[in-house]
Every structure is written in structure tokens, then in C-alpha cells.
Amino acid sequence: MKVVANEFAYSLLSRGPELNVVPYCQQHGIGVTSYMSLMQGVLTGKYDSIEDIPPRRRRTVQFDGLKNPLVAQAHATPPAEDEVMEVLRVLKRLAPECRMSVSQLALAWCLDKPAMATAIVGCRNTSQLLENMQAADAALRSDAERTCTAIRQQAEQRMDAAVHAIVEKVVKR
């Protein structure tokens, strides 16, 4: 049996599969299908602060599990809420320049990746479905892609520094 597709959570804020899984899929001709491409609505532009995001949408590692009644314990890595908000601010600034909505820009960024075959997105109504479908046809400007990637890389560097600081504290004990 030949594997033709691999499905995993993948978005502008959740790029872990790029390290090993995506390159493997590309090498072996396996299409990639992403789910949670809009991070359960976080990447739609409708939230202006962490507090605006409903607790059920803040269960992922990017958010502080200790502040969420739906999370039983802290995540293994420090939260990246400031970085999430910075990514959202950049998306909100870039979207009009690209003549897209924030969700279209986030989806277009995801679908623009060479290994990406498709993205599974949830829609609550017909207008959301039509808006998301337009992202599939959108040509992502290279400067917008670079800006999105750069802001994500800055966020990753801050998260890495926070993880290293925690590790150093634990090692010193």
C-alpha cells in the first residue's frame, strides 16, 4: 500500500512539522493536508487580545495553560501569547495590503507551501466557506510571505530563549 497523504495540524503559528515530517513527505511524494490552519479561529483576525480568545480555543501550547480552566496543567513549554498577538498584528496590517482578509492571508500562507496539497478548514456559514475558498486562488505576494515568515521566526527565537532560560533554571537546581 502506498501512502499518498499525511494530515497534521499546521498553520502560521504551528509549524513543527516543517522540521522533519514535511521534508520527508516531499522526498517521498506524499501530499500534506493541514488541519487547524486557522488555529480554531485565532488566525481569522477577530480577536484583539488573548482575553478575547475563548478558553476552548486557548488549549494549545502557544497559550498559558495555568490561566485556562480547561487545561489541567501547564504545558511543557512556556506560553507564547505575546508572540501570538504580534503575529496577529502583522497579519491585520498585511491583509489589506494584499487585498485579503486576515483568514485568507493565513490560509494563503499555508497553501503556498510547496508540500501542501490541501487544508481542512471549519466554516460556520456560507460566507466563511466562500471567503476561505478564495484563499486557495490567492497569489501570496512574496513580500507578504517573507514578512509572515520573518515575524514567525522572531517569535520562535523568543520562545526558544524562554525554553533555554527554563532549562538553565532546572539544571542549576
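Tutor: A disulfide is a pair of cysteine sulfur atoms within 2.5 Å. The structure discussed here is a predicted model.

Student: How many disulfides does a search of the whole structure find?

Tutor: Cys-25 has a relative accessibility of 2% and counts as buried. Cys-110 is also buried, with a relative accessible area of 0%. The number of disulfides found in the whole structure is zero.

Student: In what order do the elements of the protein run from the N terminus on?

Tutor: The protein has five helices and three strands. Read from the N terminus, these elements follow the order β-α-β-α-α-β-α-α.

Student: Which strands stand at the edges of the sheet?

Tutor: The sheet is open and has three strands in the order E1-E2-E3, with parallel pairing. An edge strand has a single partner, so one of its sides is left without a neighbour in the sheet. The strands in that position are E1 (5-9) and E3 (116-120).

Student: How many bridges join E1 to E2?

Tutor: Ala-5 stands opposite Gly-31 in E2, and Glu-7 stands opposite Thr-33. Ala-9 has Tyr-35 in E2 as its bridge partner. E1 and E2 run parallel, and the number of bridges joining them is five.

Student: What is the bridge partner of Ser-34 in E3?

Tutor: E2 and E3 pair in the parallel sense over four bridges. On the E3 side, the residue bridged to Ser-34 is Ala-119.

Student: How many of the five residues of E2 are buried?

Tutor: Buried means a relative accessible area under 20%. Buried residues make up 41% of the 173 residues in the protein. E2 is mostly covered, and its count of buried residues is four.

Student: What is the handedness of the β-α-β unit made by E1, H1 and E2?

Tutor: E1 and E2 run parallel, and helix H1 spans residues 21-27. Together E1, H1 and E2 make a β-α-β unit that is right-handed.

Student: How many aromatic pairs does a search of the whole structure find, and which residues do the ring pairs link into a cluster?

Tutor: The search finds two aromatic pairs. Phe-8 and Tyr-10 form one that is edge-to-face, at 6.4 Å centre to centre and 85° between the planes. Tyr-10 also pairs with Trp-109, and because their planes stand at 20° with centres 5.8 Å apart, this pair is stacked.

Student: How far apart in sequence are the parts that the pair of Tyr-10 and Trp-109 ties together?

Tutor: Tyr-10 counts as buried at 2% relative accessibility, and Trp-109 counts as buried at 0%. Tyr-10 lies in the loop between E1 and H1, while Trp-109 is in helix H3, so the pair ties together parts whose separation in sequence is 99 residues.

Student: Which element gives the largest share of the largest nonpolar core?

Tutor: The core has 35 residues, and those touching the most other members are Leu-13, Val-42, Leu-43, Leu-88, Leu-91 and Leu-105. The elements giving two or more residues to the core are H1, H2 and H3. The largest share is eight residues, and the element that gives them is H2.

Student: Where does Met-36 lie, and is Met-36 buried or partly exposed?

Tutor: Most residues other than glycine have a negative phi. Met-36 has a positive phi, near 60°. Met-36 lies in the loop between strand E2 (31-35) and helix H2 (81-97). Its relative accessible area is 24%, so Met-36 is partly exposed.

Student: What is the relative accessible area of Arg-99?

Tutor: Arg-99 is another residue other than glycine with a positive phi, again near 60°. Arg-99 is placed in the loop between H2 and helix H3 (102-111). The cut-off for an exposed residue is over 50%. Arg-99 is exposed because its relative accessible area is 80%.

Technical notes
Residues are numbered from 1 along each chain as its sequence is written. This is a predicted model: local features need pLDDT of at least 70, side-chain atom pairs count only at pLDDT 80 or more; totals for chains, interfaces and linings use all residues. Side-chain values use heavy atoms; hydrogens and water are left out. Buried means under 20% relative accessible area, exposed over 50%, partly exposed in between (1.4 Å probe, protein chains only). Two strands pair if DSSP finds at least two bridges between them. Rings of Phe, Tyr and Trp (its six-membered ring) pair if their centres lie within 6.5 Å; planes under 30 degrees apart count as stacked, over 60 as edge-to-face and the rest as tilted. A crossover is right-handed if, with the strands pointing away from the viewer, the path from the first strand over the helix to the second runs clockwise. A nonpolar core is a set of buried Ala, Val, Leu, Ile, Met, Phe, Trp, Tyr and Cys residues joined through side-chain atoms within 4.5 Å.
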